[in-house]
Amino acid sequence: MRDARGAFDGVTAIEWVDVCVDLAAADGAALVVAAEDHPDTHQVVHATDGIAVQAADLGYILGCGPHIEAMSTSNACAVDVDDAADRGRWPLLVDELAVSGIGWVQAHPLGDHRAALGTLQLYRRTRSPHRLSGDDRATHTMIAQLARMLGTGIVAAGVAADMLIRRHQDSEAVNIAIGILAARHGCTVAVASAMLRAGAYSRGHGSAGEAHRVIDSINSVDP
């Protein structure tokens with residue numbers, strides 16, 4: 001996990017994330033660099049704690065949730081494990097969050113609204129009535145603006161530069177690997193894509209690395 005400490009002059013990205021955590025009355029947060037046109041891209045560049053990383057990883061592995069929604073719409077999105085509509089929309093994600101002791105996750109797009117660089121993902125363990133809901137319009141707007149600025153700072157610091165280059169170079173390998181998995185297991189592209197993400201996560205490398213592993217396994221029994 002790369003450190004985004006040098007993302008800003010004077011005020012670090014870590015300090016700005018802490019401000020967002022306080023504004024939202026959240027328990028923690030993660031900065032995730034990704035690409036809307038390449039859902040298998042995922043890099044946590046900073047997290048306040050292990051639970052924040054776990055929340056970010058769940059959305060990545062399952063390929064659904066606030067992060068995906070925020071990336072595709074360029075608007076903030078949240079999931080509440082106690083909300084019936086969210087459970088109906090993302091049942092597996094809600095179940096996994098609940099098991100992990102996470103009650104709420106909200107994702108704000110990072111950087112330019114025309115092409116989000118990733119998301120700021122805030123989480124809470126509960127939706128305690130004694131804490132701010134985070135839905136107040138002024139608070140929500142302020143967090144959204146800070147998330148946009150965080151994205152700009154991350155780009156300026158070069159934290160995401162390598163990933164932005166690699167996502168184009170590796171996209172062909174990822175697409176080939178997904179096709180191989182879909183044909184091998186007789187599943188849909190969406191399922192094959194989820195398999196690729198899960199394989200990458202379980203082996204501790206990126207989707208591009210997993211894609212090359214799958215391609216190299218064509219003549220072997222390793223899936």
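## Notebook: a predicted model, residue by residue

**Entry 1. G59.** I began with G59, which is found in helix α2 (residues 50–62). The model is predicted, and I read every entry below with that in mind. Is G59 buried or exposed? Its relative accessibility is 11%, so G59 counts as buried. I then looked up what it touches. Not counting residues up to four places away in sequence, G59 touches C64 and L93. I also checked G59 against V105: the two are 46 residues apart in sequence, and their C-alpha atoms are 10.0 Å apart in space.

**Entry 2. The whole chain.** I stepped back to list the elements. The protein chain has nine helices and five strands. Starting at the N terminus, I read the order as α-β-β-α-α-β-α-α-β-β-α-α-α-α. Of the 223 residues in the protein chain, 47% are buried. I also looked at contacts between residues at least 6 apart in sequence, and 62% of these join residues at least 24 apart.

**Entry 3. Helix α1 and the residue after it.** Helix α1 covers residues 13–23, and I noted its buried residues as A13, I14, W16, V17, C20 and V21. Viewed down the axis of α1, these buried residues fall within an arc of 160°, so they line one face of the helix. Just after α1 comes A25, with a positive phi of about 55°. I marked this value because A25 is a residue other than glycine and, at a relative accessible area of 11%, is buried. A25 lies in the loop between α1 and β1 (28–33).

**Entry 4. S74.** I found another positive phi at S74, about 60°, and S74 is not a glycine. Where is S74 found? It is in the loop between α3 (66–73) and β3 (77–80). S74 has a relative accessible area of 12%, so it is buried.

**Entry 5. T119.** Next I went to strand β5 (residues 118–124), where T119 lies. T119 has a relative accessible area of 0%, and buried means under 20%, so T119 is buried. Which residues is T119 in contact with, leaving aside its neighbours within four places in sequence? I wrote down A30, L31, V32, H67, A70, M71, A107, H108, P109 and L110.

**Entry 6. Rings and charges.** I looked for aromatic pairs and the count came to zero. I did find a charge over a ring: the charged end of R124 sits over the ring of W104, 3.8 Å from the ring centre.

**Entry 7. Helix α8.** Which residues of α8 are buried? They are A192, S193, L196, R197, G199 and A200. Down the axis of α8 the buried residues fall within an arc of 160°, so they line one face of the helix. On the other side of α8 I noted A190 and S202 as exposed.

I then checked both ends of the helix. T188 caps the N-terminal end of α8, with a side-chain oxygen 3.2 Å from the backbone nitrogen of V191. Just after α8, G204 takes a positive phi of about 70°.

**Entry 8. R213.** My last stop was R213, in helix α9 (residues 207–216). Is this arginine buried or exposed? R213 has 18% relative accessibility, and the cut-off for buried is under 20%, so R213 counts as buried. What does its side chain join? I found a polar contact of 2.9 Å between the side chains of R213 and E210.

**Entry 9. Recap.** The positive phi values I noted are at A25, S74 and G204. For both α1 and α8, I recorded buried residues within an arc of 160°.

How values were computed:
Residues are numbered from 1 along each chain as its sequence is written. This is a predicted model: local features need pLDDT of at least 70, side-chain atom pairs count only at pLDDT 80 or more; totals for chains, interfaces and linings use all residues. Side-chain values use heavy atoms; hydrogens and water are left out. Buried means under 20% relative accessible area, exposed over 50%, partly exposed in between (1.4 Å probe, protein chains only). Helices (H or I, at least four residues) and strands (E, at least two) are DSSP runs, numbered from the N terminus. The arc is that of the directions from the helix axis to the C-beta atoms. A polar contact is a pair of N or O atoms within 3.5 Å; within protein, one must be able to donate a hydrogen and the other to accept it, and residues adjacent in sequence count only if both atoms are side-chain atoms. Rings of Phe, Tyr and Trp (its six-membered ring) pair if their centres lie within 6.5 Å; planes under 30 degrees apart count as stacked, over 60 as edge-to-face and the rest as tilted. A charge sits over a ring if NZ of Lys or CZ of Arg is within 6 Å of the ring centre and within 35 degrees of the ring normal. Contact means heavy atoms within 4.5 Å.
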